[in-house]
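Dear colleague,

Please find the structure below, with the sequence. My notes on what was found in it follow.

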Amino acid sequence: MEKGQKIIIMASIAIIAITAIAIAALSPGAFDDQCKQKAKEILNNLYSIEGGKEEFLKSNSQGLLSNGGQDGLQNLEKVLSQCPVLKSMPEDELGVNVSALNMG
């Protein structure tokens, strides 16, 4: 009986270790995906508030965003500060070049 218990304990430890390694390996990618999704959500909201992507970019470059647009841009800035990987993300992945936005 003790030999059986040892086998069960060793198998349990191995399963827990493998699970922990898998979670550690997958977590950073999941966080980056969540950041990207949140940023896209905020950008789509900004486009909606400002009348489309081109109008948003034009208003932003001229410093003429509406109050709602300014709030959305501040939200985007917060997401970017929590998710620095987004700052270097190519424009085709995020939909906009965040380094070209007037923030801060």
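Ser-59 is a residue of helix H2. The model is a predicted one, and what follows is computed from it. Is Ser-59 buried or exposed? Its relative accessibility is 13%, and the cut-off for buried is under 20%, so Ser-59 counts as buried. Leaving aside residues up to four places away in sequence, Ser-59 touches Glu-50, Leu-64 and Leu-65.

Helix H2 spans residues 53-62, and Phe-56 and Asn-60 are buried in it along with Ser-59. Viewed down the axis of H2, the buried residues fall within an arc of 100°, so they line one face of the helix. As a reminder, an α-helix has 3.6 residues a turn, so residues three or four places apart point the same way. Glu-54 and Ser-61 are exposed, on the face of H2 turned away from the buried side. The cover over the buried residues of H2 includes H1 and H3. After H2 comes Gly-63, with a positive phi near 70°.

Next, the packing of H2 on H1. Two packed helices are described by the angle between their axes and the distance between the axes. For H1 and H2 the angle is about 85° and the axes are 8 Å apart. That angle makes H1 roughly perpendicular to H2. On the H1 side, the contact is made by Leu-46, Tyr-47 and Glu-50; on the H2 side, by Lys-53, Glu-55, Phe-56 and Ser-59. Sorted by class, the contact of H1 with H2 has 3 nonpolar, 1 polar and 3 charged residues. Glu-50 and Ser-59, which touch each other, both belong to this contact.

Phe-56 leads on to the largest nonpolar core, which has 19 residues. Which of its members touch the most other members? They are Leu-43, Phe-56, Leu-73, Leu-76, Leu-86 and Leu-101. Helix H1 (2-50) and helix H3 (67-82) are the elements that give two or more residues to this core. H1 provides the largest share, 6 residues.

Regards

Methods. Residues are numbered from 1 along each chain as its sequence is written. This is a predicted model: local features need pLDDT of at least 70, side-chain atom pairs count only at pLDDT 80 or more; totals for chains, interfaces and linings use all residues. Side-chain values use heavy atoms; hydrogens and water are left out. A nonpolar core is a set of buried Ala, Val, Leu, Ile, Met, Phe, Trp, Tyr and Cys residues joined through side-chain atoms within 4.5 Å. Buried means under 20% relative accessible area, exposed over 50%, partly exposed in between (1.4 Å probe, protein chains only). Helices (H or I, at least four residues) and strands (E, at least two) are DSSP runs, numbered from the N terminus. The arc is that of the directions from the helix axis to the C-beta atoms. Contact means heavy atoms within 4.5 Å. Axes are lines fitted to C-alpha atoms, for helices over the stretch in contact, and angles run from 0 to 180 degrees between N-to-C directions. Angles under 35 degrees count as roughly parallel, over 145 as roughly antiparallel, 65 to 115 as roughly perpendicular and the rest as oblique. Ala, Val, Leu, Ile, Met, Phe, Trp, Tyr, Cys and Pro count as nonpolar, Asp, Glu, Lys and Arg as charged, and the others, Gly among them, as polar.
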